[in-house]
Amino acid sequence: METNFYKSTGISLIVGSFLTIITMLLHPSGGDIEQLIKVSKSLQIAHSLAIFSLPFMLFGFYGLTHILSNKWRFSTLAFIIVAFGLFAAMLAALFNGLALPQFLTRYTKNITENTTVLYAIMNYGFTINKALDYVFIIGLCLAIVTYSLLIISSNKLPKWVGYFGIVVLTFLVIGLISNFTFTSLIGFRIFVFSIAGWILFCGGYLIKYSSDK
C-alpha cells in the first residue's frame, strides 16, 4: 500500500510539473486592453491548465511530506505552506487568467468610451495578481527550503536533491535582493522553470523509492 502511494504521488508531482511548464510556454505576453482581448483565449487556456495542475502538485507534495515525516513534523509545516502558496496561485489564475479576459471581451465594441474605467479595473487586477504571485513565490521557497533541509538530514531521498533545492533557492533569493522582478512574465517563467527541475527530481525519486521497497 505504501509503495503504491509513493509511486502515485511521485507520478503526480511529475505530471503537475510538466503541466506548469507547458502553462508557462503557452502563456502569451500581456499589454494594453486591445492586446489582452486579442489573446484572451490563449490566456484562458493557459490559466485553465495551470489550475488543472494544482491538485496534482498538492497530492505529489503530500507524498513528499509523508516520506520525510519525522518526530518534529516539519514536513507537515512545509505542506501547509505549499497549500497556501498553491491556493494563492489558483486565485491569481482565476482573477487575471480567466475572469479579467472574459470581462474585457464584453467591451470589445466600446473600449474608447470606457477606457478610464477599464484601465482602472485592469490595474487593480494586476495589483492583486502581483500580491498573490509573491505569496506563491515566497510560500514555495519556504516550503522547498524546509523539504530540502529534511532531505539532507534524512536518508529517504538522495542528499544531492536537497542541496540542489538549496542552490536553486539561493539564486532566487539573490534575484529578490537585487530587485529582479519575478512577477513579470519572464521573471515568473524563470521561477517556475527553476523549481520545476527540483520538483521533477523529487517526483522521480519518490517513484524510485517505491520500486526499491
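Predicted model: local features only at pLDDT ≥ 70, side-chain atom pairs only at ≥ 80, totals over all residues.

Reader: How many disulfides does the rule give, and what makes a pair of cysteines count as one?

Author: The count comes to zero disulfides. A disulfide is defined as a pair of cysteine sulfur atoms within 2.5 Å. C141 takes part in no disulfide, since the nearest cysteine sulfur, that of C202, lies 14 Å away. Seen from C202, the closest cysteine sulfur is that of C141 at 14 Å, which is too far for a bond.

Reader: Are C141 and C202 buried or exposed, and how do you know?

Author: Buried means under 20% relative accessible area, exposed means over 50%, and partly exposed lies in between (1.4 Å probe, protein chains only). C141 has a relative accessible area of 12% and is therefore buried. C202 stands at 1% and so also counts as buried.

Reader: What share of the chain is buried?

Author: Buried residues make up 44% of the 213 residues in the chain. The chain exposes about 11100 Å² (Shrake-Rupley method, 1.4 Å probe), and carbon and sulfur atoms supply 70% of this area.

Reader: Which secondary-structure elements does the chain contain, and what makes a run of residues an element?

Author: Helices are DSSP runs of H or I of at least four residues, and strands are runs of E of at least two, numbered from the N terminus. By that definition there are seven helices and zero strands, and the order from the N terminus is α-α-α-α-α-α-α. The C-alpha trace spans about 65 × 35 × 25 Å along its principal axes.

Reader: Why is S75 called buried, and which polar contact does its side chain make?

Author: S75, in helix α4 (residues 74–105), is called buried because its relative accessibility is 0%. A polar contact is a pair of N or O atoms within 3.5 Å; within protein, one must be able to donate a hydrogen and the other to accept it, and residues adjacent in sequence count only if both atoms are side-chain atoms. A polar atom of the S75 side chain lies 3.0 Å from the backbone oxygen of T65, so the pair falls within the limit. Leaving aside residues up to four places away in sequence, S75 touches T65, L68, S69, Y147 and L150, where contact means heavy atoms within 4.5 Å.

Reader: What makes S12 a buried residue, and what does its side chain approach?

Author: S12 is found in helix α1 (residues 2–26), and its relative accessibility of 5% is the reason why S12 counts as buried. The backbone oxygen of F56 lies 2.5 Å from a polar atom of its side chain. Beyond residues up to four places away in sequence, S12 touches F56, M57, F59 and G60.

Reader: Why are L176 and Y134 called partly exposed?

Author: L176 has a relative accessibility of 33% and therefore counts as partly exposed. Y134, at 27%, is partly exposed for the corresponding reason. L176 is placed in helix α6 (residues 159–177), whereas Y134 lies in helix α5 (residues 115–153). With residues up to four places away in sequence not counted, L176 touches Y134 and F182, and Y134 touches G139, L176 and T183.

Reader: Where are R73 and N179 placed, and what are their phi values?

Author: R73 is in the loop between α3 (40–67) and α4, and its phi is near 60°, a positive value in a residue other than glycine. N179 is in the loop between α6 and α7 (185–212); its phi is about 65°, also positive, although N179 is not a glycine.

Terms used. Residues numbered from 1 in each chain as written. Heavy atoms only, no water.
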